[in-house]
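Please examine the sequence and the three-dimensional structure shown here. The paragraphs after it lead from the chain as a whole to one pair of packed elements.

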Amino acid sequence: MDATARAAAAATTSDWPALAELVHHDDDPRVRAVALARLVRDAPRAVSLTVWTDAAADDDPAVRLRAAQVAPRLGRAAASSTLLALLADADPWVVEAAAYAIGEHPRPSARAIDALTAATTSHPDPLVREAAVAALGALGHPSTLPAVLQACDDKPAIRRRAVLALAAFEGEQVEGRLRRALEDRDWQVRQAAEDLLRD
């Protein structure tokens, strides 16, 4: 059976041990990724959690990406240590997905929030900074406001996301930054600020 056929079979089977075997040992990363997604979506948590943790350390970035993408389905069972490892990945697409997953986590650790804050202000890839500031907005943790305010001066797509993230915060600093955003060069930043100030 070729990789395409194995992936198609993995997407529909309910043979959890066979799927776990695919995640751990199939030669094709596409098959491993599909099997992982199926396990996390439908298998008992005790089965899927162990396999997910292993997949997050897979040699192939496509599998690590899928591990980050499916992490929100695990809820609080998704270990912060694993999410932190994904957030530190060399592949920016993996890091972007990990940032989203931390933002969706019901109880992210203080270390995860700190790492997300650092990614917002200093990650070299703009895609990651954009995802990280969006995640900070989803969490709304008061300690992260300075990072969100700093992101309001980044590239246009990040400024837009940062302005939207300000909806999770309150105070004169927030209102003042929203009013400054009304004069932004990017019309979408201006529109986001206007919408928030109107609400």
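This is a predicted model: local features need pLDDT of at least 70, side-chain atom pairs count only at pLDDT 80 or more; totals for chains, interfaces and linings use all residues.

Of the 199 residues in the chain, 45% are buried. Taken along the principal axes, the box filled by the C-alpha atoms of the chain is roughly 60 × 30 × 30 Å.

The secondary structure may be considered next. The chain contains 13 helices and zero strands. As for contacts between residues at least 6 apart in sequence, 59% of them join residues that are at least 24 apart.

Helix H6 spans residues 80-87 and helix H7 spans residues 92-104. The two helices pack at an angle of about 145°, and their axes lie 8 Å apart. In this arrangement, H6 passes H7 in a left-handed crossing.

Which residues in H6 and H7 meet? On the side of H6 they are Leu83, Leu86 and Leu87. Their partners in H7 are Val94, Val95, Ala98, Ala99, Ala101 and Ile102. By class, this contact of H6 with H7 comprises nine nonpolar residues, with no polar and no charged residues.

How values were computed:
Residues are numbered from 1 along each chain as its sequence is written. Side-chain values use heavy atoms; hydrogens and water are left out. Axes are lines fitted to C-alpha atoms, for helices over the stretch in contact, and angles run from 0 to 180 degrees between N-to-C directions. Helices (H or I, at least four residues) and strands (E, at least two) are DSSP runs, numbered from the N terminus. A crossing is left-handed if the near helix is turned anticlockwise from the far one by less than a right angle, and right-handed if clockwise. Contact means heavy atoms within 4.5 Å. Ala, Val, Leu, Ile, Met, Phe, Trp, Tyr, Cys and Pro count as nonpolar, Asp, Glu, Lys and Arg as charged, and the others, Gly among them, as polar. Buried means under 20% relative accessible area, exposed over 50%, partly exposed in between (1.4 Å probe, protein chains only).
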